[in-house]
Amino acid sequence: MDDLLADFLTETNEGLEALDAALVRLERTPDDKPTLSEIFRLVHTIKGTCGFLGLGRLEKVAHAAENVLGRYRDGSLSVTPPGITLVLSSLDRIKEIVTGIGVSGSEPLGDDNALIGALDAAFAGQAQLAAAAPVLAAPVAATAPVAAPPVAPPQAIRAPAVDAAPDPAGTPTAGPQTIRVAVEVLEDLMTLVSELVLTRNQLMQLARASGDNAFAVPLQRLSHITTDLQEGVMKTRMQPIGNAWAKLPRLVRDLTHELGKKIDLDMKGAETELDRQVLELIKDPLTHMVRNSGDHGLEGPAERRAAGKPETGRIILNAYHQGGHIIIEVGDDGRGLPLDRIRRKVVANGLATEAELASMSERDIQHFIFRAGFSTAAAVTSVSGRGVGMDVVKTNIEKIGGTIELRSREGRGTTFIIKIPLTLAIVSALVVEAGGERFAIPQIGVLELVRVGGETASDGGANDGARVERLNDTPVLRLRDRLLPLVRLSELLCLDASEQADRDAGFVVVTQVGPHVFGIIVDRVFDTEEIVVKPVAPILRHVTMFSGNTILGDGSVIMILDPNGIARATGVGADGVAEEAAAMNGPAAGLRSAARTAMLLFRAGDATPKAVPLGLIARLEDIAVDQIEMAGGRPVVQYRGQLMPLIPLSGHWMPPARGEDGGAAARQAVLVFTDRGNALGLMVDEILDVVDDALKIEARQDQPGFLGSAVIAGKVTEVLDCGYWLRQAGEDWFAPDQQGQTGARVLVIDDNAFFRHLLVPALSAEGYDVTAVDDAAAALRLRDAGQTFDAIVSDIEMPGMDGLIFAAAVREAGPWRDLPMIALSGRAAPADVARGRDAGFTDYVGKFDRPALLRSLADCLAHVGA
Amino acid sequence: MQHIEAHAQQPARTPARIGEDPVQVFLTLTVGGKPCAVPALSVRDVLGPQTITRIPLAPPEVAGSLNLRGRIVTAIDLRRRLNLPPREAGAPRPMSIVVEQNGELYSLLSDAVGDVVPLAAKDAAPNPPTLDPLWAAVSRGVHRQDGRLLIVLDVERVLAFGQS
C-alpha cells in the first residue's frame, strides 16, 4: 500500500474516533458552536484528503455529510437527534469503507445512494425522521450483494471488514514500516539522552584525571554509543519539510484536472528541517493553502491570457531559515485577493461597517480573510470554499507560536508568509561573550564576523579600517563602503561592562534580519555548537531578546539571543514593530509593505528635518571650519590626500572671517559620499539621529534636491535626492567610465520611488537609456506592447508580483526571454543569490551598491554583445 | 558540572502518616535568618550550590538558570523575592530547592536547608494580620515547631511575580 494511503488511513481513523465523541457531545448540547466547528472541520479534512486520493465513494459520502453539518454550523438547520443519527450513520459508512481500504488498498464497491439521498434531503431541510431509519439498516444490505472486486479475492476482503466493523478503533491498517510515537515519548527520550551526555562527559573527565587505563576502552565505546544515540534521537525529531509537501504535487495535478486550469507547482527549500511536532501541525494548513491558491488564487487559462499572463499559473512554495525562524511562503501569481468582494462580504457578515472599511488600509481589509467562516468564493466547490481555511490555518499556526502574513495585489497574486519560531528545533549557534556572560547567536542570521580594534587598531595590519566609529554617539562600522549600525550587546542587556578600558574593541557579529543588516558588538567569540533550543520559563517570556535557552556540551546553561528581538529593541530593523504599531493604531491609512530603511536624520538650512538612507553615506565627518578652503569659488577641504568638494545643502556657505577669534570652536558636519576614489561632502548644520523607518514619500514637492516629504520618526521630513546633489559636484562625478555602454536600453523595476530616483540618474549618467516602472506587471505590459530593452534591473521584494516571479515570467516566454536580468535586493545572502539565480536572474547585486551594479551591467551587456 | 544531591531528597518523596492526626510533611529552610517551610511533596530535588547562569533583563527575583540533569531550572533568589537584605560577601553559596510548576522547574535559593518534618495541623495558625503584606502574600500561615515559628511558603504564590 502506498505511503500516502497509509498516512491517510491513520489520520482518518484518528479523525473518526474524535468525530464519534464530538457528535455524541453535540447531540447533548446542540448549541455548542466550538464542537460543531470541530466536527465540521474533521469531516472537511476527511473529504478534502480523500478527494485527491481518488477515493470517490468516500468523498461523496463525506461531502453529503459535510453539507448537512454546514447548515448546522450556519444555524440554518437546527440540530436534532435524528439528524445526528443520520450523520453518525454516514460516519459508520465512512469507517466501513476506510476499513475496506485498509484491507485491500482500494475502495470496496458499494452503493451509497440511499444514504446520500437521505443526507441531501436533510440538507434540503426535509423531514429526516422517516429517512433515517431505513438508511441505518442500509450499509450491510447495500454492500453485500455488490461485492465483486476484480483484483483481490472477495473472501479476504469480506472477513476482516465484517470483523472490524463493530470495533472501528482497532483497525489493522497502519503500515508496518512506521509506528506513531507520542511526541512526549520523544521529548522524554531527548531529556534522558541529554542527561546521559552530561554523565558521559563527567565520566570522561574523571577518567582523564585519574589516569586509570582500565576504563579507557569501555568508556570510549560508551562515548561513541552515546553520541550515536544522541544523533539518533535528534533525528527522530527532525524532518525535512519536503515530507509535508510530498502530497502536494498529486494534489495540484488533480486540481488542474478538476478545475481545468494549468498549474505549475514550484517547491523550494524542501530540505529545510523542521521539528516533527511543528511539521505535523503545519501539514494541514499548508495543504489547505495550496488548495486555496489553486482554486481561488489562480485564474483559468483564458482569463490569464486576457490578463497578459502566461496560461500556466504558478504556485510557489518556499521554505527557509531566517533569523532564528523558519519561513514558509505559499504564493501564487493569480488574481490576488478581490478587495471589493471582501468589503462586500465584510459588510454582509456584519464584521465592520462601510464607514469603518473606508478608513481601513488595504492590508487590514485583506486580513479579514483570516476571520472564521469567511470565504469569498462565489460558488461552493468540492475543492474548497466553505470558509474552512484561512481561519483554521491561522489558528493552527498561532498554536505553535507562529505568525501568518499575506501580501497580495489584485491581478498579480497572493503570497502567504508563515513564520514559525524555531522552538524545539536544533540549530547551529555561535557562542559569544559579552559583559562576562556567554550567549548563543543562531548561526543562520550571522553573515560574518569582523574583528574591531577600537582605538588601538592601528598596529594590526590585516584589519586596518575596521574600527568602530560614532555618529552622534551611535556606534557604526564602515564595512566595505557600507555603514553598518551597531549595537553593543553588553549595553543592550544592561550588563556591567564599564570596567572595560577599550569599549570598542572586540568582535562585530554582522547579522541579518529580513532586509536589515546590523552588527552586534561582543567581547569574545568562542565556537559554534549544535544546540537544542529549549523555551525559556514563562516568567522570562517577556524578555524578547532571547529566543530560548540551551545546555552546552560542558553542562552550562546559556541564553540564546533572538536577532529579531535585538533588532526590535534597538530599532535597527524592526519588522514586527510596524505591523504591531499598525495593528494598534488601527487604520493607518496607506500603510504599505513593512520595508524599513535605516536613515540618517539631519538639519540643514531650515528647521525641517532632512533624511537620507544611511546606506548611501560612506562616512560622517566633523571638519574644523578653518580647514575649509575656497577653490574656484567653491568650498573644498583636503580629505585623505585629495581635494573633496563640499556642497552646502542650505544653498549658501560663507567662509568664516579668519583671524582674531582663534577658531577652535567652529566645526562643520559633513556627509561624505564616495565613488571610485572620488569623495564629495554635503555640508549640513547638524546631525540629528539614525532611525529605522519605512521610507514612504507622501507628498511630492518641486524643490530641487528633494524627492519629497515623508513622515519619519513622527515628523515631517524632507528626503534628499542624492542624485541631484551629486550632480552639483561637477561634471566628473557622474562622468561615464571609459567602458561605459552608451545608448544601451535598461529597464528598471522598483516599487520604491526613492530607489527609482536614485537609479535612474545614476544609470543615465553612465550613458544608459533608462526606463523605470514601479511594478513587475507594468514591466510585462511594456513587453507585451513590444518594447525592447538590452537589460533589466529589477527589485526582488515588491508587493504583488515579486522579482522572482517576474524573472520566471520573463524567462518563460516572450521576446525578453534571453535578456540579461540583474536582481537588486537588500538581501544578498548566498541563499538569496541562489534563489535569484534559480528564478532566472543573471546576476544579483545588493541595493545601494552602485559600482557593483554598473560593473554587472557592463559585464552582462558585454556578454550579450560578444 | 557537579551535582551535590542533598540528603533530604529521598525522604521528601515519601509521605508520612503519623497517628490519626492530619499531618503534613514540610521541608524546613532558612532564608535571611528566617525559618521557613515548604510542603515536602512539592519538592522535587534539593541541590547543593550550583553554577548559575545569569539572565540579563530578567526580573530581579530571577537569579539565573541552572542545569538539573539536562533540564533547565530557573533559579529564584528567595532573599530578593522576600525583600530581605542580599547575602553577605563570603557567605556560603545558597542551596537549591527544586519545585515543579506547570511542567517548569524552578529552584528556590535558600541559605540553608533543614529537615523534613511532619507538622500537625493543630499547630498551624493563619497569618497574623500584622504580617508584612509582602510576606502575607506568599505565606500560607505559620506553624509552631519546637518553640519556633515557621513561615509556610506557598510555592505557587512565591513564583507569581513579574507577570505584568
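This is a predicted model: local features need pLDDT of at least 70, side-chain atom pairs count only at pLDDT 80 or more; totals for chains, interfaces and linings use all residues.
Select the loop between α2 (78–81) and β6 (95–101) of chain B, and pick out Asn83(B). Look at the backbone of Asn83(B): phi is positive, about 60 degrees, although Asn83(B) is not a glycine. Most residues other than glycine have a negative phi. Is Asn83(B) buried or exposed? Asn83(B) counts as exposed, because 11 C-beta neighbours lie inside 10 Å and the cut-off for exposed is 12 or fewer.

Stay in chain B. Next, select the loop between β10 (139–145) and β11 (148–153) of chain B, where Asp146(B) lies. Asp146(B) is not a glycine, yet has a positive phi of about 50 degrees. Its surroundings hold 7 C-beta neighbours inside 10 Å, so Asp146(B) counts as exposed.

Now switch to chain A. Select helix α23, residues 776–784 of chain A. Which residues of this helix are buried? They are Ala776(A), Ala777(A), Ala779(A), Leu780(A) and Arg783(A). Turn the view to look down the axis of α23(A). The buried residues fall within an arc of 155 degrees, so they line one face of the helix.

What covers the buried residues of α23(A)? Show β31 (745–749), β32 (769–773) and α24 (803–812) of chain A; the cover includes these elements.

Last stop: step just past the end of α23(A) to Gly786(A). Here Gly786(A) takes a positive phi of about 90 degrees.

Notes:
Residues are numbered from 1 along each chain as its sequence is written. Chains are lettered from A and ligands numbered from 1 in the order in which they are written. A residue is buried if 20 or more other C-beta atoms lie within 10 Å of its own, exposed if 12 or fewer, and partly exposed in between; C-beta atoms are placed from the backbone. Helices (H or I, at least four residues) and strands (E, at least two) are DSSP runs, numbered from the N terminus. The arc is that of the directions from the helix axis to the C-beta atoms. Two residues are in contact if their C-beta atoms, placed from the backbone, lie within 7 Å.
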